[in-house]
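Open the model in a viewer and keep the selection tool at hand. The stops below say what to select next and what is there.

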Amino acid sequence: MVTDEIVLDVQGLTVDISTPRGTLHVVRDISLQVKRGETLCIVGESGCGKSITSLSMMGLLPKTARRTSRVFEFLGEDLARASKQRINDLRGNRMAMIFQEPMTALNPAYTIGDQLTEHYRHHRKASAQEARLRAVELLEKVGIASAAERLGQYPHQLSGGLRQRVMIAMALMCGPELLIADEPSTALDVTIQAQILRLLADLQDELGIAMVLITHDLGVVARIADRVAVMYAGQIVEEGAAADIFASPQHPYTRGLISCIPIPGKTMPGGKLGTIPGVVPSLIGEMRGCSFKDRCSLAQERCSDTIPMYKNIQGQQWRCVINQSNQSGAGQ
Amino acid sequence: MKKNTALYVGCSLLIFIVFCAIFAPWLSPYDPYVQDLTNRTVPPVWYEKGSWAHPLGTDQLGRDYLSRLIYGARISLLIGLSVAVISGFIGTTMGMLAGYFGGRIDMFVSFMVTTRLSMPVILVALATVALVGGSLWVVIMVLGLLKWDRFAVVMRSATQQVRAMEYVSAAQSAGASTLRIMLTEVLPNVLPHLIVIATLEAASAILLEAALSFLGLGVQPPLPSWGLMISEAKSYMFFSFWLIAIPGSALALLIFSINLAGDGLHQLLTPGERA
Amino acid sequence: MLAYITKRLGLAVLVALTVSILAFMLLYLSGDPALAIAGEGARQVDIDMVRKTYGFDQPIIVQFGNWLFKIIQGDLGQSIYFKTEVGKLIFTKLETTLLLALYSLAFALIISVPLGVLAAIYKNSWIDRLCLAVAVVGQAMPNFFFALILIMLFSITWRILPVSGSDTWEHFVMPSIALGYYAAPAFMRLIRAGMIEVLSADYIRTARAKGLPTRSVIFKHALRNAIVPVVALAAVQLGFLLGGSIVIETIFALDGLGYLAYQSIIQKDFPVTQVIVLLLSVIYILLTLASDIANAWLDPRIRVA
């Protein structure tokens, strides 16, 4: 159930990382909003900057990174100017994150119970008893049987799927209003993937949290997203409601991505799968114009200048010089 | 190229000390063994009573300290080099055999290393020297026969790594004899590790000899071993601390330069590993 | 876990046995032990009597067997120089040396852990370089020289610490510093390397994402995982400290095992020397065994298999 309250509001987010070879413009002027109860999927290929985006929202960027933004608000509070202490108070408390690799995301030296309860006790000043009860409650909610016993177990005693459920429970301990999930199902078996995604969707319905889900898999997007933001080379090239993006993708890159997916019934066995020729451009140094132009079959002269962001009636936006909604055969 | 300051500074210092040692007869103003009982414990030149006749003063038997210092470098360097060579030979052979053949030989060598590590080196060295008699060569032999453990351990793992490389199996299938493979394929590739360990063990040997001589069970007087000089000066410590400070600082400087050079070599020969 | 312990115990016993053989053989380094005990210029009659008294006329295996057998039963032999039982002699001195070794280890850890953690957190900054510089300088100093400097400063110039004896804890301050400082750089490097590796681990990122305070992230989550190899090294270093105490004890006139060993060597008191070598080796073996077990225990993956 999507409400109208904006939980996360990001405008003009830019992240630069200084490397020996120059400044890496990892994230370039992206803007997005997530409402309560809504799932926004950020989709893109490896290296497009989606993970860095999620890390910057949580303030977990590496020391060499510099983040700037015009607007960066969480429930109306300006995070760009908040103190380190304030950010720490919010993290794990009102905004939470789960990561891609459940196998390494948990500390092997402490029990599940300890890791589930430590931040709850810190943020809520709760007693050990209260924290345990809450932990058991959440473990059951994420579908883990014999929850009370699990508390005394160590991470190495659990399977990957179980660990990811524990991670989800851990993220929800303090009742956050925003959950950022960075490729939560990628490292898991295909069957477990579906379970985890289903779990996340159910939890969101029940708890009404805003969710940002990072993925490279359009299948995941189709399953779970309310809104989609397509990222390429550090920019958001298209953004809109999931149904609209899939039904009528506007940006050549989005079209290319969708055409890569084999569709049962339509794609003939032995037929050609779509590909996008070329490679992602380097993110170092000056970048002008459209970053996709070298791979786009519709590239023109205009593509080398600043590209405007178009918006149509349904609220779909895309960053391209072509603003006709009914251009067919594009992006091949 | 990132500046390898450790290597430059360490090697420069080391070369300077080696130079002094080699050219000792020309550099020292006096014979280090000649006593001058009328000029005992003269302080170095920067003290009130000192003079340029003896820039670093004289010891309790009137011997010029600068000369003894320079000749002492010979002893320390000789010890370091010899022990490194002897123990290096023993340890490398054991390590390479263990790493190359594995199995029983590996178990045996590992057992030997564990046993050797369990024994208190200083004690055993002291006892041995006491029984056999103290001299420069006895010290070198004893330390050389005791300090091979680190060589064995490091050469073993280095050999294991190299052995898994393709050029070894290529040589094996070409029918080369094991000895030939060890010498021509394995040895050149484990050489960087060998050199780094050799520098560390040389430094350690120098410190051990100094300790042994300090306790009176190492090099015998009147040889100008720095450790021995410190020991001889112990009773004069209160009034003439420089008798201890000078050889002590020389020891520290030598070890410092060897360690620094070793660190620099390590950085040079194993790129990408920053401590 | 039990299987692991049993295996390690078996190995330890084997090593101890080998060391005992080597310790025993120490006697024969000079050639004829009877001659060495009787002294130079002794008459043949005296030498023969010594030989018979100490059983040197029997085959070596038998001698070794007797010696080992007696030791296992607790009879550590008789000291030639001190004219008392070796066991009693060692027992009175052991406490001093153990105290010295423990204090030295404590000192080494007290300075190396904070420095190592700092160097790791501020990796490649001037703090890091300073810590490494301190480590390199520390390792270049011969311990007896450092001990003399300490005496010069604290006892003679400033007169705040006593030079010799072992009555109060103050007597142990300088010896502990002089013995322990040399072990500190190794610990510091180990902790630094361990912390650097651990701080980049995923579970640290998780801990930060949970909004835990920094000190909790560093000490509870990071250090706990980085400290494991330090425990192993600590046990090994303790063994070295026990063996290396001989120089320090002699300088500070601490009446411990080290000093006893030194005296026994000078006086050619073989029974004592052999037993001390054996004892220190066995202690070292036990320490490494304990550290291996502690290592395994600290890693829940091995403890709760």
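Start with chain A and show its strands, where a sheet of 8 strands takes the order 7-8-9-3-10-11-13-12. The sheet is open and its pairing is mixed. Strands here are DSSP runs of E with at least two residues, helices are runs of H or I with at least four, and both are numbered from the N terminus. Two strands pair if DSSP finds at least two bridges between them. Strand 7 (95–98) and strand 12 (309–311) of chain A each have a single partner strand, so one side of each has no neighbour in the sheet. On average, and with direction ignored, neighbouring strands of this sheet are turned by 20° against each other.

This is a predicted model, in which local features need pLDDT of at least 70, side-chain atom pairs count only at pLDDT 80 or more, and totals for chains, interfaces and linings use all residues. Residues are numbered from 1 along each chain as its sequence is written, while chains are lettered from A and ligands numbered from 1 in the order in which they are written.

Next, select strand 8 (residues 178–182) and strand 9 (residues 210–215) of chain A, which pair in the parallel sense over 5 bridges. A:L178 faces A:A210 of strand 9 across this pairing. Move on to A:E183, in the loop between strand 8 and helix 7 (190–207) of chain A. A:E183 is not a glycine, yet its phi is positive, about 45°. Is A:E183 buried or exposed? A:E183 is buried, because 20 other C-beta atoms lie within 10 Å. A residue is buried with 20 or more other C-beta atoms within 10 Å of its own, exposed with 12 or fewer and partly exposed in between, the C-beta atoms being placed from the backbone.

Chain A averages 84, and 94% of its residues score at least 70. Over residues 325–332 of chain A, pLDDT stays under 50. Where pLDDT is low, the predicted coordinates should not be read in detail.

**Between the chains**

Show chains A and C together: their contact takes 23 residues from chain A and 17 residues from chain C. Two residues are in contact if their C-beta atoms, placed from the backbone, lie within 7 Å. On the side of chain A that touches chain C, helix 2 (84–90) and helix 3 (112–124) of chain A each supply at least two residues. Helix 3 of chain A gives the most, with 4 residues.

Which chains share the most contacts, of the 2 pairs of chains in contact? Chains B and C do. Their contact takes 38 residues from chain C and 33 residues from chain B. Helix 14 of chain C gives the most to the side of chain C that touches chain B, with 7 residues. By class, that side has 28 nonpolar, 8 polar and 2 charged residues. Ala, Val, Leu, Ile, Met, Phe, Trp, Tyr, Cys and Pro count as nonpolar, Asp, Glu, Lys and Arg as charged, and the others, Gly among them, as polar. No contact joins chain A and chain B, and their closest C-alpha atoms lie 12 Å apart.

**Inside chain C**

Select helix 5 (residues 86–121) and helix 6 of chain C. C:L115, C:L118 and C:A119 in helix 5 of chain C meet C:I127, C:D128, C:C131 and C:L132 in helix 6 of chain C. This contact has 6 nonpolar, no polar and 1 charged residues.

**Chain B**

Of the 275 residues of chain B, 50% count as buried.

Zoom to B:G262 in helix 11 (residues 242–269) of chain B. B:G262 counts as buried because it has 23 C-beta neighbours inside 10 Å. Leaving aside neighbours within four places in sequence, B:G262 is in contact with B:V196, B:T199 and B:L200.

Two loops of chain B close the tour. B:P222 is found between helix 9 (178–214) and helix 10 (226–233) of chain B, and the peptide bond from B:P221 to B:P222 is cis, with omega near 10°. B:T41 is found in the loop between helix 2 (24–27) and helix 3 (65–101) of chain B. B:T41 has a positive phi of about 40° although it is not a glycine, and it is partly exposed, with 18 other C-beta atoms within 10 Å.

Technical notes:
Axes fitted to C-alpha atoms, helices over the stretch in contact; angles between N-to-C directions. pLDDT = per-residue confidence, 0-100.
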